[in-house]
Amino acid sequence: MKQGFIKVAAVTVDIRVADVWHNCKEICKRMKEAEKAGAKIIVFPELCLTGYTCSDLFTQDILLKEVRRALAKVAEETRHTEALVFVGLPLAIDGELYNVAAALNDGKILGFTTKTFLPNYGEFYEMRQFRQGPKKARVISYEGEEILFGPQILYQAAEMDDLVVSAEICEDVWSPIPPSIEAAREGAIILVNCSASDETIGKDSYREELIKGQSARLIAGYVYANAGDGESTTDVVFGGHNIIAENGTILKEAKRFANEMIVSEIDIFRLLSERRKNTTFQTTEERHLPKVLFHISVEETALTRSFAQTPFVPQNMAEREKRCEEILMIQAMGLKKRLVHTHSRTAVVGISGGLDSTLALLVTAKAFDMAGKERKDIIAVTMPCFGTTDRTYQNACLMSKKLGATLKEVPIADAVHVHFRDIGHDEEVHDVTYENSQARERTQVLMDIANQEWGMVIGTGDMSELALGWATYNGDHMSMYGVNASVPKTLVRHLVQYYADTCEDQELKEVLLDVLDTPVSPELLPPKDGEIAQKTEDLVGPYELHDFYLYYVLRFGFEPSKIYRLAKLAFEGTYDSETIMKWLKTFYRRFFAQQFKRSCLPDGPKIGTVALSPRGDWRMPSDACAAVWMQDLEALEK
C-alpha cells in the first residue's frame with residue numbers, strides 16, 4: 001500500500017436461498033479467508049445474506065428481521081478484520097424495500113449503497129419486490145445509528161487520502177449511465193459491484209468486456225463479485241463469475257461454477273497517474289457526493305499479480321503478430337507521407353548489419369511500395385571502418401540486394417584518419433573522440449549523398465538509445481526522418497523477427513535471422529580475432545531491463561524504489577537484485593544527463609503510448625537534476 005498497491009478480493013459464497021444464518025456464517029468464514037490473504041477491500045455478491053432468488057419471500061417480515069440481526073453479526077466480525085467489506089442484503093426502510101450493499105469496517109456499518117437500476121425484463125422482475133433507490137444519498141436512522149443511505153456514497157481511507165471506494169449493484173453497470181461514472185468523477189479510484197448475474201450462452205464474454213470497459217472508461221480499479229451456484233434455482237443458474245480489473249486489464253478472473261474467491265492488487269498510484277495525464281477525464285468542480293471515512297493500516301502489500309519482463313511487447317503470440325504488423329504500417333505510412341510531401345527521389349539509409357538499421361531499411365522498402373516508388377531508389381549505404389566485422393558487412397550487403405535497394409559502399413577509414421590528423425588526435429587512443437569521429441563522418445556521408453541524389457536520410461536510432469543517450473550528438477543522433485524514434489529496442493527485435501517469419505524469400509529470412517543473432521554493437525572499436533569487440537549491453541546494461549525501466553518511468557511516473565520492486569518480481573531468476581539496482585541507477589543517470597539530445601530530435605512517427613519526442617510526449621529540461629530520484633534508490637541500500 002505504501003507504493004499504491006491495494007489488495008482486493010471478490011468472494012462468491014456457498015449460500016442457501018433464504019437461510020440467513022447459514023449465509024451469515026459462510027460470509028464470516030470467507031471474510032476471514034480474504035483477510036488472511038491480505039485483502040483490504042472485500043466484496044460479496046448482491047443480496048448474499050438472503051440469496052438473490054428469494055423472490056416473494058423478500059416480503060416476509062421474519063426474513064427481513066433476521067437479515068438485520070445477521071448484518072449486525074457480520075459487522076461485528078469486521079472489528080477483527082482490517083478491511084472495508086461490502087455485503088448485499090434487502091433493507092426495509094420507511095415502508096419500502098431496497099436492494100442495498102452495506103459497507104462495513106471496524107465493527108460499524110458505514111453506509112447502505114442502494115441499487116439505482118432495477119431490471120424488470122426476461123428472467124428478472126426486481127420491481128415486484130424492490131423500490132428504486134433515491135437519486136441522492138441521505139442519512140437514515142438504523143438501529144439507533146445515523147447512517148448514509150443512497151447511491152454513489154464515497155468511502156475514503158483515513159490513512160490514505162487517495163484511496164476512495166464506491167459501490168454499485170449488478171444492473172447498475174449494465175445501464176447507459178452507471179452510478180460509478182459520477183462517483184469516479186468525484187474521486188472514487190476503486191469501484192465495487194455486488195452482483196447476481198445469471199449464466200446464459202455467451203454472457204460471460206459480454207460481462208468480461210463490460211467490466212474491462214468500465215474500468216478503462218473511468219481509469220479505475222473494478223471489483224466485481226458475482227453470485228454462485230447456491231443461487232441456482234427454478235429457471236436460472238449462477239456461475240460465480242468474479243472479475244478484478246484495472247484500467248481495461250483483467251487482473252484476475254474466477255473460474256465459473258466453482259464459487260471461488262479471487263484476490264489481486266490494484267495499483268491506485270498507477271491509476272492516479274493516468275488520470276492526471278488524461279485531460280479528458282475531468283473531475284467535477286462541485287463535489288456533492290457524501291464521503292465516509294474508513295480505517296485500514298498502511299503496510300507493504302504482498303504482490304501476487306505478475307509483471308511482464310517486456311511491457312512494450314504483447315505476451316500473446318497472436319496479439320504480438322497483429323501489433324507488429326500495425327507498427328510496421330504506422331512507420332511506413334509516416335515515412336511515405338514525408339517522402340511524397342518533400343518530392344524526394346530517393347531515401348538514403350546507413351546500413352550496418354545491426355538490428356536498428358535493418359528495421360529502418362525494411363520500413364523504407366514498405367514505404368516505397370506504398371508510394372508506388374521503385375525500390376532501386378532506396379540507397380543503402382554501408383560505411384566500413386575500424387570496427388566493422390565481416391559478418392555484419394556481409395549481412396548488410398546481402399540484405400540490401402535482396403530488398404532491391406541500390407547498395408553503395410563508402411569506406412570511411414581514410415577520411416577519419418585525415419580528421420584525426422587535422423584535430424591532432426592519437427589514433428591509438430580509443431576514447432570517445434575515436435568513436436564519435438566515425439559516427440559523425442558516417443552522418444556527413446549520408447547527408448551529402450542525400451543531397452546528391454535528391455533524397456532524404458532515414459534515421460535508424462531507436463527509443464531505448466534515445467532514453468539512454470546512446471547516440472553520437474549530430475552523428476547517428478541526426479537524420480531527416482527517424483522511423484524508429486518511438487520503437488524500444490526489445491520491440492525492434494520482435495519487428496525484425498516478425499518480418500523474417502512472414503518473409504517469402506528464404507535467403508532474406510536467413511539474413512534477418514542472423515542479424516537477430518548478432519550482438520548489439522556500434523562497432524566503433526577494432527574487432528578482436530574478427531569478432532565484435534564492443535557489445536553495447538556490456539557497457540550500458542541489458543536493454544530488456546532498460547526498456548522495463550523506461551516503460552514505468554514514462555508511462556506512469558513511478559518512483560525509482562517502486563520500479564526496483566517491480567523489476568525484482570519480473571526478472572526473478574534472470575537478474576539478481578544487485579544487477580537490477582546497478583543498471584537502474586545507470587538508467588536514471590543517463591536519462592537525466594542526455595535530455596539535451598532528445599530536445600532536438602528529428603521528426604519520427606509515434607507508434608505507442610510511450611514516446612520521447614519533445615514536440616509531443618516528453619518535455620523535460622535539459623539541465624534537470626536527478627538527485628531526488630537517486631536518493632530514493634540509495635535509501636534502499638541503507
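## A first stop: Glu66

Leaving out neighbours within four places in sequence, Glu66 is in contact with Val20 and Trp21, where contact means heavy atoms within 4.5 Å. You'll find Glu66 in helix α2, residues 61-77. Helices here are DSSP runs of H or I with at least four residues, strands are DSSP runs of E with at least two, and both are numbered from the N terminus.

Is Glu66 buried or exposed? With a relative accessible area of 16%, Glu66 is buried. The labels work like this: buried is under 20% relative accessible area, exposed is over 50%, and partly exposed is in between, using a 1.4 Å probe and protein chains only.

## What you're looking at

This is a predicted model, so local features need pLDDT of at least 70 and side-chain atom pairs count only at pLDDT 80 or more, while totals for chains, interfaces and linings use all residues. Residues are numbered from 1 along each chain as its sequence is written, and side-chain values use heavy atoms, with hydrogens and water left out.

## The whole protein

Let's zoom out. The protein has 19 helices and 20 strands, and its C-alpha trace spans about 100 × 55 × 45 Å along the principal axes. Of the 638 residues, 57% are buried. If you take the contacts with a separation of 6 or more, 74% of them are between residues 24 or more positions apart.

What about the outside? The protein exposes about 27100 Å², and carbon and sulfur atoms supply 49% of that. Accessible areas come from the Shrake-Rupley method with a 1.4 Å probe, and for residues only the protein chains shown count as cover. As for charge, there are 73 positive and 93 negative charges, and their mean positions are 3 Å apart. Lys and Arg count as positive and Asp and Glu as negative, while His and the chain ends are not counted. Each charge is placed at NZ of Lys, CZ of Arg, CG of Asp or CD of Glu.

## Cysteines without a bond

A disulfide is a covalent bond between the sulfur atoms of two cysteines. Here the working rule is a pair of cysteine sulfur atoms within 2.5 Å, and the count by that rule is zero.

Asp462 is in the loop between β19 (455-459) and α11 (463-468), and it is buried, with a relative accessible area of 0%. The side chain of Asp462 reaches the backbone nitrogen of Ser464 at 2.9 Å and the backbone nitrogen of Glu465 at 2.9 Å too. Not counting residues up to four places away in sequence, Asp462 touches Asp356, Asn484, Ala485, Val487, Lys489 and Val492.

## Two loops with a positive phi

Asn259 has a phi near 50 degrees, a positive value in a residue other than glycine. Asn259 lies in the loop between β13 (249-253) and β14 (261-267) and is buried, at 8% relative accessible area.

His343 has a positive phi as well, near 55 degrees. This residue is in the loop between α6 (317-341) and β16 (346-350), and at 68% relative accessibility His343 counts as exposed.

## A strand and a helix to finish

Where is Gly221? Gly221 is in strand β11, residues 221-226, and is buried at 0% relative accessible area. Beyond residues up to four places away in sequence, Gly221 touches several others, including Ile189, Leu191, Ala245 and Leu271. Glu208 is 13 residues away along the chain, with 14 Å between the two C-alpha atoms.

Lys509 is in helix α13, residues 506-516, and counts as partly exposed at 24% relative accessibility. Leaving aside neighbours within four places in sequence, Lys509 is in contact with Ala500 and Cys503. Tyr499 is ten residues from Lys509 in sequence and 8.1 Å away in space, C-alpha to C-alpha.

Key. A polar contact is a pair of N or O atoms within 3.5 Å; within protein, one must be able to donate a hydrogen and the other to accept it, and residues adjacent in sequence count only if both atoms are side-chain atoms.
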